[in-house]
Amino acid sequence: MLIETGTDEEKLTIVWKNWLNQPSFLTFKSRIGKSNEVEKEKILHYIIPKLQADLYRPQTEATYYQIMTDQELFEDALTTLITHRKESNIITPEIEKLLKVVMKQKPELLLPFFHQLVERLVQKKSRVHYEEAALYIKQLKSIYMKLDKQQIYNTYVTGLKQRFKTYRAFIQELKKIDK
């Protein structure tokens, strides 16, 4: 009844409140496509905080990162990734797509996330994690090169070598990067 007689605000709340029970990216795309820019802003302002509060559900998390990638809300997505993800080294396909898109469009936004990821991986103290950390350090290197900030990268790697000098396997992985 409210959908037909209610205000735009009430309609928006009812439709999207129901959608939030079972969020789906495809449904989001079809519904948001019928909205003008003002409505789109209201919708995003309404659903994004609610999705963030429910990120522990895999379906919600996947939908959230798909929306953030689609709407190019990269800074917010990466902030959420850094602050809300307990296992940031487990990269879902939706997060992987986000990272690829950000790498192409605004690679500098990835620096804090990759730095944090490297720290978390090294702290796990296993060869597998050191190898994975090295992959992210390579990506950091390419970003710093694109930004013409090679000196910052060199200082960063020197700091890693100093801080983790007793982690022989990790130091070996770092040496492979420079080859």
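**Salt bridges chat**

Reader: Quick one: what does Arg163 count as at 49% relative accessibility?
Author: At 49%, Arg163 counts as partly exposed. That label sits between buried, under 20% relative accessible area, and exposed, over 50%, using a 1.4 Å probe and protein chains only.

Reader: What am I looking at, and how are things counted?
Author: It's a predicted model, where local features need pLDDT of at least 70, side-chain atom pairs count only at pLDDT 80 or more, and totals for chains, interfaces and linings use all residues. Residues are numbered from 1 along each chain as its sequence is written, and side-chain values use heavy atoms, leaving out hydrogens and water.

Reader: Which residue does Arg163 form a salt bridge with?
Author: Glu119, with the closest N and O atoms 2.5 Å apart. A salt bridge here means a side-chain nitrogen of Lys or Arg within 4 Å of a carboxyl oxygen of Asp or Glu.

Reader: Why does that pair tie parts together?
Author: Because Arg163 is in helix H10 (residues 150–163) and Glu119 in helix H8 (residues 111–122), parts 44 residues apart in sequence. Helices are DSSP runs (H or I, at least four residues), strands are E runs of at least two, and both are numbered from the N terminus. Glu119 is partly exposed too, at 23%.

Reader: Switching topic: how many salt bridges in the whole structure?
Author: Seven.

Reader: And is Glu173 buried or exposed?
Author: Buried, at 5%. Glu173 pairs with Arg127 at 3.0 Å between the closest N and O atoms, and with Lys176 at 3.2 Å, N to O.
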